[in-house]
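Dear colleague,

Please find below the structure that I am handing over to you. My findings follow directly after it.

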Amino acid sequence: FLPQVDSANAGRVLASDAAVFLKKSGLTDLVLGKIWDLADTDGKGILNKQEFFVALRLVACAQNGLDVSLNSLNLPVPPPRFTDTSSPLLLSETASSDLPWAVKLEDKVKYDAIFDSLNPVNGLLSGDKVKPVLLNSKLPVGILGRVWELSDIDRDGMLDRDEFAVAMFLVYCALEKEPVPMSLPAALVPPSKRKPLSVPGTMPLIPSSTSTKEPHQSLPPVGILAAKTPLTQ
């Protein structure tokens, strides 16, 4: 990975070059900022080779649902994944489109039944309709916010049938004490959504409150869930 961001071959990586490269991991700006802070130990805005490898390792940890912390560096994780088709080392769109979908057919039938019971409009469910189902799981609001963020793949503030199946899959994983990943694994992206996507990390985590969009689009995922939590208990 190093030659891609160290074009001058100086054995170090500037913050600006690293930011462009790390964005391709699909992680949110918040997570990438934390990774940079941990890797840039002397706070100079430059990573040496060793620090860059620490950053890559932390990206891999985040992509596999582990804590972004120095304690995670010794844990076994697969190599980090970056959406860049120019290198044979990196996960390409064609490779990911051939992966079988992680949601099994028998589970999809169950998720579709729940989806239909929530009265979708034009094949879509708003955050307000999905919220009670998510809260029903009794999972922490922070986890549910991440589930919403990962499952709303096209970022329209609504879930279609396939996106809802992703949300249910992640909820059931969390209930089985499996960590919810920081970015959506390629195998979980529905086949219907497997075309060149914008990198989620480029989206603002919490849209501006001055947005002129519809209210359901300007609400942050966690806000959707947290607003009425006490009423459900």
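**Findings**

Among contacts in the chain between residues at least 6 apart in sequence, 62% join residues at least 24 apart. Please bear in mind that this is a predicted model.

The chain as a whole

The chain has eleven helices and four strands. Of its 233 residues, 43% are buried.

The UniProt record, an unreviewed entry, carries the annotation "domain: EF-hand" for residues 27-62 and 139-174. In the model, residues 27-62 are 69% helix and 8% strand, with the end C-alpha atoms 8 Å apart. For residues 139-174 the content is 69% helix and 6% strand, and the end C-alpha atoms lie 8 Å apart.

The axes of helix H8 (residues 141-151) and H9 come within 9 Å of each other and cross at roughly 150 degrees. Because of this angle, H8 is roughly antiparallel to H9. The crossing of these two helices is right-handed. On the H8 side, the contact is formed by Ile143, Leu144, Val147, Leu150 and Ser151, while H9 contributes Glu163, Val166, Ala167, Leu170, Val171 and Ala174. By class, nine residues of this contact are nonpolar, one is polar and one is charged.

Helix H6 (residues 105-117) also packs against H9, at an angle of about 115 degrees and with the axes 9 Å apart. H6 is therefore roughly perpendicular to H9. Here, too, H6 passes H9 in a right-handed crossing. The residues of H6 that take part are Lys108, Tyr111, Asp112, Ile114, Phe115 and Asp116, and they meet Arg161, Asp162, Phe164, Ala165, Met168, Phe169 and Tyr172 of H9. This contact comprises eight nonpolar residues, no polar residues and five charged residues.

Is Asp162 buried or exposed? Its relative accessibility is 17%, so Asp162 counts as buried, the cut-off for a buried residue being under 20%. Leaving aside residues up to four places away in sequence, Asp162 touches Trp101, Lys108, Pro190 and Ser192. Of these, Lys108 is also listed among the H6 residues that meet H9.

Helix H7 and the residue after it

Which residues of helix H7 are buried? In this helix, which covers residues 127-136, they are Gly127, Val130, Lys131, Val133, Leu134 and Leu135. H7 is followed by Lys138, which has a positive phi, near 65 degrees.

A loop residue

Leu70 lies in the loop between helix H4 (49-63) and helix H5 (93-97). With a relative accessibility of 48%, Leu70 counts as partly exposed, because that class lies between the cut-offs of 20% and 50%. Leu70 is 13 residues from Arg57 in sequence, and the distance between the two in space is 9.7 Å, C-alpha to C-alpha.

A colleague

Note on methods. Residues numbered from 1 in each chain as written. Predicted model: local features only at pLDDT ≥ 70, side-chain atom pairs only at ≥ 80, totals over all residues. Heavy atoms only, no water. Buried < 20%, exposed > 50% of the residue type's maximum accessible area, 1.4 Å probe, protein only. Contact = heavy atoms within 4.5 Å. Axes fitted to C-alpha atoms, helices over the stretch in contact; angles between N-to-C directions. Parallel < 35°, antiparallel > 145°, perpendicular 65-115°, else oblique. Left-handed = near helix turned anticlockwise from the far one by under 90°. Nonpolar A, V, L, I, M, F, W, Y, C, P; charged D, E, K, R; others polar. UniProt positions renumbered as here; feature names shortened; annotations may be inferred.
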